[in-house]
Each structure stands twice: as structure tokens, then as C-alpha cells.
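Take a look at the sequence and the model, then read on.

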Number of protein chains: 2
Amino acid sequence: MATIRELARHCGVSVATVSRVFNTPEVVSQATRQKVEAAAAEIGYLPNESARTLATKKSNMIGLVWDTDHRSTGWRHPFLQEILVALKSALSAHGLHLLLLASGPDGPERHLRSVRRHNLDGVVLIDNGSRDPAVLGLADADIPCVALDLPLTGPRCTHVTSDNRGGAAQAVAYLHKRGHRRIATIAGPARTGPGADRLSGFRDALAAHNVPLPPEYVTHGDFYLASGRAAMRELLLLDTPPTAVFVAGDEMAVGALQAVTEAGLRIPAHVSIVGFDDIELAALIPPGLTTIAQDRAGFGTAAAEALIAMIQSPADAPAPPPIILPTSLVRRGTA
Amino acid sequence: MATIRELARHCGVSVATVSRVFNTPEVVSQATRQKVEAAAAEIGYLPNESARTLATKKSNMIGLVWDTDHRSTGWRHPFLQEILVALKSALSAHGLHLLLLASGPDGPERHLRSVRRHNLDGVVLIDNGSRDPAVLGLADADIPCVALDLPLTGPRCTHVTSDNRGGAAQAVAYLHKRGHRRIATIAGPARTGPGADRLSGFRDALAAHNVPLPPEYVTHGDFYLASGRAAMRELLLLDTPPTAVFVAGDEMAVGALQAVTEAGLRIPAHVSIVGFDDIELAALIPPGLTTIAQDRAGFGTAAAEALIAMIQSPADAPAPPPIILPTSLVRRGTA
DNA sequence: CTGAAAGCGCTTACAG
DNA sequence: CTGAAAGCGCTTACAG
């Protein structure tokens, strides 16, 4: 591995000059710039990032905090892969790499420690549905940070999420228009932003349409399939079962669908279902799940943009406002 | 951020001693070790990773080469998320982080350059189905490298893949036992390891069972749903259509299933289907897809182990042999 | 068991 | 526009 010193000697300039052609090429004369660039290509010089980071305190790396243990935390993000893809390409455009933080020893400082040790330029948090103090602590720190589906804000922290309330309202409006007046819901965990917001959006929309909501029409699941199935079973057992159900997540909606079928009922003849997320399965499972689609790639690109904006702003500039992505209703067979 | 110098002064020892308590605690006396550790905790000292990497040439980071642009390359790995999870936790146990390599300027040296610049300790390659020279070049380099579902080997390079031939044989054996003698296949792209191996395993197993394989019983898809549907349509149009089809990927199998239904035929009454992968959808799509399951988490843990073994071995030690993960047949409704 | 010193490969005021 | 020099925060022979 050639070093900057060797390259400098190779073309008879100082290391400072070589450094400049890579960092501030505009300040060096065209002639020497070309000379250095040619020599660099010839001997295969590559700047050492550790040395650069040490000198500049900027690593060009963004930390990704994503708790992999979704079995214990009870929620796996439905679009992780797509978010990763979008995030990665948006960050690439600015020369930023993504570092998956290995969970070291526990403690509320856990993630912040990684940030400091690696001089990370920023971090993105993906909600895992738990109230992890190590995650919450990042929001108060001085490092640019954007949370996904977690309503965090802080001096240099913002978040991006779908318009969960609006999406729920879209579902209600649609069902109402189709004539439904007995509309129940299977909500997500109240401790998650999406869970809470979809439920309150649902409530408000019903009220706006003057549709009453009996307490027993509000059931809860954990975003996983089995919980949707169980909740739907309960709903079907009511004295006055609903004619339509807004399910706050597609996986639960598929479970709900199974419960309906198992009860010998038909969809949408006996009960209509509208889900949320538009996961891949939604289009494939018969008769096709009508659902509220989220802007999956939008999560990644919006997060990257917010992050980059903060990184390029002075440390005392206010954080960008939360980004709320629009949702859209996708009509299929269940409603 | 406290530095090692401040910490040293704080407890009246040299920086060398402080360094030792963090790197080779066994060589420092118990008394000074405790003194240093206490002081470190008190002032919140964290070693700077860039400085360590600069000094040691080891970054404790593993690069992940994963081409996100699967639209252009024609294959997205069915288990990426699970592989990531398993990889991340296995690496965490050894204090290794995972760096998603941002694709910089093109060229066959692309990835190798990132490896050098960041002093990566190793890299894992996830096949994207393309014959990218930048990927292939890594195998010949001197850096520990393990490829997933890509039959790469090299001085310090090995790979992990499922027993694709064996899995195909399991499918054939099962169908044969159920009485099928007209067995067709929808193969994956021949340029991918899994595509090629599942097809040759299928061929060999049929031969071993003395079941003839008419050329028109071999169709090809690209692992995506639509191609499976198209291929199945062709098969159903044959003069002597197969009674069973081995589909080399579950997504294609779902497409095949749709084609059968659209043709007004029933599964498995008219045609049986066995897929490969056991994706989540397999269990959910009626009547349940019978398929060959892969050891998803095994990919990640095996890759991590192989990598760590190489990292801990001298550079001239031979690379570990390829790791072939066993598959298993999951019976559901389609066969 | 511990310290002084050189070195890892860069960047960046400061002069010129 | 360019160079000499200090500094970024560690590690690791080498002495003692």
C-alpha cells in the first residue's frame, strides 16, 4: 500500500500538496494536479481512511442502529430491506458508508459509545418497538440522528414516518363510502408510534364520519400474524360483529383473513378488511389484500437527506422538522 | 472526548500502560490495572478506533458487498435480512462490525479499494447473480473473504451455500415416492450457483430413479414470480404435461401456482409443485407450498465462523473448505 | 511490570 | 500556489 509520502516523493511535491489535490483540488495548479493524479493512478495510491478520520474527526460513516433481536422486542420493521437499499444508495451519493453497529456490552451509553469511538458523522435509528434507553439517549446527544417510525426529536435529531393518522383516515373513508357503519380495528402496540397513531387516526376519522365506535371494536395485536388471527376471532364472536375491520398491519391482516376463512365466512361478503403497509404478500394472498401503502423507498431517501442536511449545517442549527410520508390506498379484493 | 494521554495523566501512569490495560491486561499489575479502569470509567474514556486502526492496521470491521441494484442484476437474495441478522450477531460476539460498502466509482477494483482504504479485516459477498469482476477480484486478493451462494474460492476465500443438488434430489425422491413419473422443472438462471446446481441435482436424481426427462420438461426462470408463472403456462400447454414440477425458487413457485389456478386446474390434484427456499410466503399462500427449506441463519453464522477462522490464521494458511448447508423438505399442500 | 520514543498516514494552519 | 511542521490518538518494540 503506497502512502501519501511515497506518492509525494514519486512526483516531487510535498505531502501537503498531494493531500490538497485530493481534498481541495481547486487550490492547486492544474499542472501539478494532473501530475499528482497521474502518479496516483500509476502507483495505485489510496488514501487511508483511518488516518483521515484521525486527522479530521470525520469518518464519512453513518451508524445504523437496528436491534436485530426482534423476537424479544416484539417488532420487526416490515420494510427493513427496502429501507436499507434506499438508505445505502442515497448515502453513497454523498460518499457516506453505513456501519451496522455491533451491540457491545449493555448499558444506556451503548450506542453513543460506538458513535464516539468511530467518529461517526451521524446515525439512523430503526424502531424496534422497545423503549431502549440506549436508543433514546442518542436523540439528546450532539450527533446528527434520524429515527425511523420513532417520534424522536432533539437538538440534532429528527424522524421520518408515514402519515399513519392520515392513512387510517383513508381506510375509514373508503370503508364508509362502501357503506360500512360497523367498523372495528385491530390496532398495533400502543407503545409504537405507528401503532398509536393509526389507532388515534382511526378513532378521529370514525368520529368525523359520525360513526360510533363501541369499545369492543378496538382490539390489539403485536403486528405479527398470529395476533391478528386471534383478534379477528374475538371480533367475529361479538353479538354484533363488525362488517369491516381496519387492521393496523398487513401481517396481522393476513392472520385476520385466515380467521375469517376458518370461521367459514367469506371476504369481503361477510367482512371487509383493510390492512396497512402493502407488504409483498398483500398482492399475492387471495383475494388480494386491500391496504394502505407506505412509501418504502421514501423512508430511506428522506432519512438520508435529513441526515446530510444536518451534517452540513453548523452544530447549533435547528434540526429539520419531522418528515411525514404520504400513504395511499391500494384496492384489492378484501374491501 | 478524553484521550489516552489525559487518562494517563489522570492516574499517573504512562500512555503505554493505559494502552496495555485495554489491550493486554494480563501483563499489567492488578493494582495499576484497577486504578486505570476506575479512572477510565470515571472520566468516560473511550479508545479512538481510527487511531487504533491506524496503528495496528486492523479495523475490526468486515465489509459487506451486496449489490442493492437487484433490478438490473436480476436476483435478490431471498433471505438477505435473516442473513444480515445472523451475520451481525455472530460477528458481534467477536467485536467485529459490519460495514456496508457504498458503491463508489466503478471499475473492477471498486470493492478492493474500499477494503484497502478502510483496512477491513475481511469481507462477505452476497451473490447478486451477476458476474461482477469487482466481486470476483476479491477472491484472488489476500483478504479473508467468504461468498454466499457464489462458488468462489481463493487463497483466503471460501463460500457457503446450501446443498442445492441434494435439495433437488430430496424433491425428486419425494415426488417419485408419491407416484409421479412425469416430473418437470422450472430452473433458475444457469449463471447462478443455486440455479445451476438445483438443475443438475434434479437431472441426476431423475436419472437415478430411472425417470426420463424430456427436454421440454426443462424450463427456465429468473427466480422472480412472473417468470415462474410464464414457465408453468408453457408446461401446461405441452401435449403431455407433467404431473409434478420442481420449481427452483419459491417466488417462481408462487407464480407457477397462479398459472395453474388461472388455467382452471387444481393443486395438487392436477399438478403437484415443490419449491425451494421456504420463504415466509410459502406457509401462507393456500394450499401451502411444499418446498425445500434452507438453513437461513446457518448462512450468516457459517460465514462469520469461516471469516473469523481466516482472520485468526496466518495469511498463508489454506482457506477453510466450502461450507454446504443441509436442506430439508417441508410438506405442505402443493405436493 | 512500566516508561520514553518512534511511528501509523493523513490534514491544516502558518509562512512564504 | 506550495512546503515545513505540528498534530490527530493510539500501539509497540526497546530498555530498564
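Helices (H or I, at least four residues) and strands (E, at least two) are DSSP runs here, numbered from the N terminus. This is a predicted model, where local features need pLDDT of at least 70, side-chain atom pairs count only at pLDDT 80 or more, and totals for chains, interfaces and linings use all residues. Residues are numbered from 1 along each chain as its sequence is written, while chains are lettered from A and ligands numbered from 1 in the order in which they are written.

**Around the DNA**

Let's start with DNA strand C. Of the 26 residues around DNA strand C, the nearest are I4(A), A16(A), S19(A), A51(A) and A16(B). At least two residues each are supplied by α2 and α4 of chain A and by α2 and α4 of chain B.

Now for DNA strand D. Here the largest share of the nearby surface, six residues, is from α2(B). Of the 26 residues around DNA strand D, A16(A), I4(B), S19(B), A51(B) and A55(B) come nearest. The elements that each give at least two residues to this surface are α2 (15-23) and α4 (49-56) of chain A, plus α2 (15-23) and α4 (49-56) of chain B.

The table sorts both surfaces by class: Ala, Val, Leu, Ile, Met, Phe, Trp, Tyr, Cys and Pro count as nonpolar, Asp, Glu, Lys and Arg as charged, and the others, Gly among them, as polar.

| Surface | Residues by class |
|---|---|
| Near DNA strand C | 15 nonpolar residues, nine polar residues, two charged residues |
| Near DNA strand D | 15 nonpolar residues, nine polar residues, two charged residues |

**Chain A as a whole**

Chain A has 14 helices and 12 strands. Its radius of gyration is 25 Å, well over the 20 Å that the globule rule gives for 335 residues, so chain A is more spread out than a compact globule. (That radius is taken over C-alpha atoms, and the globule rule is 2.2 Å times the number of residues to the power 0.38.) Along the principal axes, the C-alpha atoms of chain A fill a box of roughly 90 × 35 × 35 Å.

An automatic or database domain assignment sets the domain bounds. Chain A splits into domain 1 (4-47), domain 2 (61-163 + 297-325) and domain 3 (164-293). Between domain 1 of chain A and domain 3 of chain A, the C-alpha centres are 63 Å apart.

**Where the chains meet**

Two residues are in contact if their C-beta atoms, placed from the backbone, lie within 7 Å. Chain A brings 37 residues to the contact and chain B brings 37 residues. On the side of chain A that touches chain B, two or more residues come from each of α4, α6 (80-92), β2 (97-100), α7 (110-118) and α13 (280-284) of chain A. The largest share of that side, seven residues, belongs to α6(A).

β2(A) runs antiparallel to β2 (residues 97-100) of chain B over three bridges. In this pairing, L100(A) sits opposite L98(B).

**A covered strand**

Is β3(A) covered or exposed? For strand β3 (residues 122-126) of chain A, five of its five residues are buried. Buried means that 20 or more other C-beta atoms lie within 10 Å of a residue's own, exposed means 12 or fewer, and partly exposed is in between, with C-beta atoms placed from the backbone. G122(A), V124(A) and I126(A) point one way from β3(A), and V123(A) and L125(A) the other way.

Which strands pair with β3(A)? Strand β1 (residues 61-66) of chain A runs parallel to β3(A) over five bridges, with L64(A) partnered by V124(A). Strand β4 (residues 145-148) of chain A is also parallel to β3(A), over four bridges, and there L125(A) is partnered by A147(A).

D278(A), in the loop between β9 and α13 of chain A, has a positive phi of about 60° despite not being a glycine. D278(A) counts as buried because 24 C-beta neighbours lie inside 10 Å. K57(B) has a phi near 65°, again positive in a residue other than glycine, but K57(B) counts as exposed, with 12 C-beta neighbours inside 10 Å.

Definitions and conventions:
A residue is near a molecule or strand if its C-beta atom, placed from the backbone, lies within 6 Å of it. Two strands pair if DSSP finds at least two bridges between them.
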